[in-house]
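Here is a friendly walk through one protein chain, meant to be read with the model open beside you. Take a look at the sequence and the fold before going on.

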Amino acid sequence: MTPNPRQAQLMEELRTRGTMTVEALADQFGVTLQTVRRDVKLLSEAGLLSRFHGGVRLPSSTTENIAYRQRQQLNETAKQRIARAVAKAVPNGCSLIINIGTTTEAIAREMLHHKGLRVITNNLNVAAILSDNPDCEVIVAGGVVRARDRGIVGEVTVDFISQFKVDIGLIGISGIEADGTLRDFDYREVKVARAILDHSREVWLAADHSKFNRPAMVELARFDEVDMLFTDAPPPEPFPKLLANAGVQCEVAR
């Protein structure tokens with residue numbers, strides 16, 4: 001499902017406050033209990049929030065990500081804004097490595113008119129999108145294809161990426177914790193992303209506002225390994241100071 005504006009605001013409120021009762025949500029949005037219960041039922045069936053006795057919360061597992069189809073629809077407008085900002089910053093005639101993620105796929109769609117790109121990716125969706133650009137050479141990494149999102153992972157993928165040195169490593173992430181660590185759920189995916197960081201002259205991170213303060217199990221990197229952050233809203237505390245101390249240029253897409 002694609003959340004409507006009220007449902008998206010409901011999820012944002014839960015992201016800020018952690019847990020809330022149905023009664024508190026009804027008061028917050030000035031709607032009936034029945035309306036909130038209907039929203040909660042639809043969102044929980046879609047896997048976008050969790051119900052428990054007395055209230056609701058966002059899924060908070062550190063070991064498992066939200067399903068791919070649900071991630072495609074979650075914060076879709078924010079991802080499109082980020083994608084346009086990243087595409088505008090990518091110069092023609094450069095080389096990139098692009099990793100797994102629904103945000104990086106949105107970025108690929110915005111680069112269909114770029115000229116002279118050479119893109120290496122472990123994301124079959126990115127490869128399929130950019131193959132429609134006749135002025136873009138797409139190189140697909142070898143490895144094991146994950147059925148759930150068409151991402152390619154494994155030691156073969158790491159070895160393949162390690163052959164290159166590109167202008168821009170463009171990565172998405174599952175979560176950014178309050179200590180400034182970038183985290184993901186699959187250690188195999190993290191190993192590939194780590195290789196992308198190590199073999200890129202610049203590292204660009206694309207992350208919508210929902211990724212801040214979101215826990216995940218595996219550490220990928222810290223802010224001081226990132227050159228640019230593209231997001232859709234000003235990062236909450238304590239991230240502005242962390243970004244400044246790490247020398248990360250933050251671009252808020254409008």
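What follows is a short tour of selected sheets, helices and loops in this predicted model.

Let us begin with an open sheet of three strands, arranged in the order β1-β3-β2 with antiparallel pairing. β1 (19–20) and β2 (50–52) are the edge strands; each has a single partner, so one side of each is left without a neighbour in the sheet.

To find the pairing of β1 with β3, look at residues 55–57, which form β3: two antiparallel bridges link this strand to β1.

Next come two helices, α1 (residues 5–17) and α3 (residues 33–45). Their axes are 11 Å apart, and the helices pack at an angle of about 80°. That makes α1 roughly perpendicular to α3, because angles of 65 to 115 degrees fall in that class.

Which residues make the contact? On the α1 side they are Arg6, Gln7, Leu10 and Met11, and on the α3 side Thr35, Asp39, Leu42 and Leu43. By type, this contact is made up of four nonpolar, two polar and two charged residues.

Now move along to β14, which spans residues 228–231 and is covered on both faces. Met228 and Phe230 lie on one side, Leu229 and Thr231 on the other, and all of these are buried.

β14 has parallel pairings with two strands described here. Strand β12 (residues 200–206) is joined to β14 by three bridges, while four bridges join β14 to β15 (residues 249–252). Phe230 is a handy landmark for both pairings: Ala206 stands opposite Phe230, and Phe230 also stands opposite Glu251 in β15. Between β14 and β15 comes helix α10 (residues 239–246), and together the three make a right-handed β-α-β unit.

β10 and β11 (residues 181–184) are antiparallel and share two bridges. In that pairing, Ile176 has Leu182 of β11 as its bridge partner.

## Two loop residues worth a click

Is Val226 buried or exposed? This residue sits in the loop between β13 (218–222) and β14, and its relative accessibility is 3%, so Val226 counts as buried. Beyond its neighbours within four places in sequence, Val226 is in contact with Leu182, Val203, Leu205 and Val248. Ile171 is 55 residues away along the chain, and the C-alpha atoms of Val226 and Ile171 are 9.9 Å apart.

Arg146 is found in a loop as well, between β7 (144–145) and β8 (152–153). With 6% relative accessibility, Arg146 counts as buried, since the cut-off is under 20%. Leaving out neighbours within four places in sequence, its contacts are Ile100, Gly151, Val153, Asp186, Arg188 and Glu189. Arg38, by contrast, is 108 residues from Arg146 in sequence, and the two are 34 Å apart from C-alpha to C-alpha.

Definitions and conventions
Residues numbered from 1 in each chain as written. Predicted model: local features only at pLDDT ≥ 70, side-chain atom pairs only at ≥ 80, totals over all residues. Heavy atoms only, no water. Pairing = 2+ DSSP bridges. Axes fitted to C-alpha atoms, helices over the stretch in contact; angles between N-to-C directions. Parallel < 35°, antiparallel > 145°, perpendicular 65-115°, else oblique. Contact = heavy atoms within 4.5 Å. Nonpolar A, V, L, I, M, F, W, Y, C, P; charged D, E, K, R; others polar. Buried < 20%, exposed > 50% of the residue type's maximum accessible area, 1.4 Å probe, protein only. Right-handed = clockwise from strand over helix to strand, strands pointing away.
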